[in-house]
Amino acid sequence: MFNIGCHLSTANGFLGMGRDALAIGANTFQFFTRNPRGGKAKDLDQGDIDAFLALAAEHGFGKLLAHAPYTLNPCSADAKTRNFALETMLDDLARMERLPGNLYNFHPGSHVGQGEEAGIALIVDQLNAVLTPELHTTVLLETMAGKGSEVGRSFEELRRILDGVALQEKMGVCLDTCHLHDAGYDLVDDLDGVLEHFDRVIGLGRLHAIHLNDSMNPRGARKDRHERIGHGHLGLEAIGRVINHPALRHLPFLLETPNELPGFAAEIALLRGLYKN
Ligand code: FE
Ligand code: FE
Ligand code: ZN
């Protein structure tokens, strides 16, 4: 089954997101665990969660993807920023236990001048501090575009983070097509080669979700500007190959394209038309 959805606003709770998803032809979605710029999360409402879970079961929703706030930087040089990242991730993962069996994605962070080695060590420390054997959530590292001092623009960097984590079985990767393209990976002319490389370095079994975005910039630009599907440098044909690739087609695909709900509905319809059943 094709699991396709997009990033949705949490304004109307989980039931609101479930209804929005159905209205635009989606059967999964992504949401921020709290304000993307950080801060305190709203209290969860058990009635809302229960109503959503019933709706999701009735309509066969796939796994949901929660996204950590952008301000979360576990490898900051500043101890206060690192502490915020730790507290936020602990709180997010505790909240995710109310919706067990889903995915939690975060940006590995920016080492801001300390160097990639030091950055990776700090990310590993944080993951080892928050992961427990009891957790019912899989924590995903997102592949990054490599702007500034972002960690995670190469498969090798992500592998080094994963290697340091004690509870490996709690970890995975979310691949962002805009970020990969901006980091220099050739999804347009060599999708097989990129996925073979991923499999060699990380293992396709560690891949749990795809952020499906076109890119405003040429390959290797390291800009991270998402474009609507088919309107960027990846193009519709390459994106069609991504959703149908035998190594990827079973994964949840989440759009993070610059759209409101009607735009997402149109993209989802377009992608459903391209998906080979
Ligand atoms: Fe992201
Ligand atoms: Fe993304
Ligand atoms: Zn991005």
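Is Phe 52 buried or exposed? In this predicted model, Phe 52 has a relative accessibility of 2% and therefore counts as buried. The cut-off for that class is under 20% relative accessible area. Phe 61 falls in the buried class as well, because its relative accessible area is 14%.

Aromatic contacts were examined over the whole structure, and the search finds 11 aromatic pairs. One of them joins Phe 52 and Phe 61, whose ring centres are 6.0 Å apart. The planes of these two rings stand at 80°, so the pair is classed as edge-to-face. Planes over 60 degrees apart are assigned to that class. An edge-to-face arrangement is also found for Phe 155 and Phe 198, with 5.1 Å from centre to centre and 85° between the planes. This second pair links distant parts of the chain, since Phe 155 belongs to helix H5 (residues 155–164) and Phe 198 to helix H7, 43 residues apart. Phe 155 and Phe 198 are both buried.

Phe 52 and Phe 61 also take part in a cluster.

Helix H7 spans residues 191–201 and contains Asp 199. At a relative accessibility of 39%, Asp 199 counts as partly exposed, whereas Phe 198, in helix H7, is buried. Asp 199 contributes to a negative surface patch, together with Asp 189, Asp 190, Asp 192 and Glu 196. Membership of such a patch requires over 30% relative accessible area and no salt bridge.

Backbone geometry was considered next. Val 112 has a phi near 35°, which is a positive value in a residue other than glycine. The position of Val 112 is in the loop that runs between strand S4 (103–106) and helix H4 (116–130). A positive phi is likewise found at Arg 222, another residue other than glycine, where the value is near 55°. Arg 222 is placed in the loop between strand S8 (214–215) and strand S9 (226–227). With a relative accessible area of 34%, Arg 222 is partly exposed.

Asp 199 of helix H7 is one of the residues of a negative surface patch. Positive phi values occur in loop residues Val 112 and Arg 222.

Notes. Residues numbered from 1 in each chain as written. Chains lettered and ligands numbered in written order. Predicted model: local features only at pLDDT ≥ 70, side-chain atom pairs only at ≥ 80, totals over all residues. Heavy atoms only, no water. Patch = residues over 30% accessible without salt bridge, like charges linked within 9 Å, V, L, I, M, F, W, Y side chains within 5 Å. Areas by Shrake-Rupley, 256 points an atom, 1.4 Å probe, with all protein chains shown as cover. Salt bridge = Lys/Arg side-chain N within 4 Å of Asp/Glu carboxyl O. Lys, Arg positive; Asp, Glu negative; His and termini not counted. Charge placed at Lys NZ, Arg CZ, Asp CG, Glu CD. Helix = DSSP H or I, 4+ residues; strand = E, 2+ residues; numbered from the N terminus. Buried < 20%, exposed > 50% of the residue type's maximum accessible area, 1.4 Å probe, protein only. Phe/Tyr/Trp six-rings, centres within 6.5 Å; stacked < 30°, edge-to-face > 60°.
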